[in-house]
Amino acid sequence: ADAACLARALRAGQLPALRALRLDRNALGAGAGAAAVVEAWVSRDRRRAGGAGPRRLQLGYNPGMGAPALGRVLDALAAPAARGLRYLGLGHAGWDERGARHPLMDRLTARTLPNVAAALEELVLECNEIGLPAMRALAACAAALALPRLHTLDLSDNIPTRAQTRALTAQLARSVPALESVCLCCGM
C-alpha cells in the first residue's frame, strides 16, 4: 500500500525535486510495488507536472522482488526521464539468471543501459544469481556502448568464479575507460 501511495504522489507531481530513491532492505515482495514507484517516477505525467528525473535508485536487498518486477523496473528506466540516472543498485533483488538464457540482462543491456549510458556512474548487481552467460552479455554491451562516466561496476557474489571472470575483468577495463573499480569476486 505504501508503494502504491508513493507512486500516486509521484504521478501527481508531488515531491517534484525527488532525485534519489532508496528502498533498500524494505522487504519489497514479488508484487508490483517497487516497479510501480519507478514507473511513476519516470512517467510523462510526472514530467508534465515538473517533476525531476531520477539520479539515484537503490532497490537492493529485496530478494523477493523477482524477475517480473525487476523486468518492469528495467523497462521503466529506458524512459527519457531516466537518462540522468547516475546510480543503479539492484543487488540481492531476486535476479536469477544462472543458465544460457538471461532475459533480465538482455533488458538491461538492450534498453536500460543505452538510455542511461551517458550519465551512469555506478552499477551494482551484487549477490544475485547471475551466471557467466549473462555476465558475458554485460561485458559485450560495455564494449559496444560508450559509458564515459561509469567508474564502479559491482557484480560480486554472483555465480562465476574468479578464474571465469579474469578475462571479463580485462575486457571491461579496456571497454570502459573511466572504470576505476570492477568487482567480480565471489566470497560465498
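Tutor: One term before we start: a salt bridge is a side-chain nitrogen of Lys or Arg within 4 Å of a carboxyl oxygen of Asp or Glu. Also, this is a predicted model.

Student: OK, how many salt bridges does the count come to by this rule?
Tutor: The count is 5 salt bridges. One of them is between D45 and R48, with the closest N and O atoms 2.9 Å apart.

Student: Where do D45 and R48 lie?
Tutor: Both are in helix α3, residues 44–48, 3 residues apart, which is about one turn of the helix. D45 is partly exposed at 36% relative accessibility, and R48 is exposed at 65%.

Student: And which side chain forms a salt bridge with R111?
Tutor: That of D75, with the closest N and O atoms 3.0 Å apart. The pair links distant parts of the chain, since R111 is in helix α5 and D75 in helix α4, 36 residues apart. D75 also meets R107 in a salt bridge, at 3.3 Å from N to O. Shared partners join D75, R107 and R111 into one network.

Student: How exposed is D75?
Tutor: D75 is partly exposed, at 25% relative accessibility. R107 is partly exposed at 32%, and R111 is partly exposed at 42%.

Student: Switching to the sheet: in what order do the strands come?
Tutor: The 6 strands run β1-β2-β3-β5-β7-β8 in an open sheet, with parallel pairing. The edge strands are β1 (20–22) and β8 (181–183), each pairing on one side only.

Student: What is the bridge partner of L21 in β2?
Tutor: L57. β1 and β2 (residues 56–58) pair over 3 bridges.

How values were computed
Residues numbered from 1 in each chain as written. Predicted model: local features only at pLDDT ≥ 70, side-chain atom pairs only at ≥ 80, totals over all residues. Heavy atoms only, no water. Pairing = 2+ DSSP bridges. Helix = DSSP H or I, 4+ residues; strand = E, 2+ residues; numbered from the N terminus. Buried < 20%, exposed > 50% of the residue type's maximum accessible area, 1.4 Å probe, protein only.
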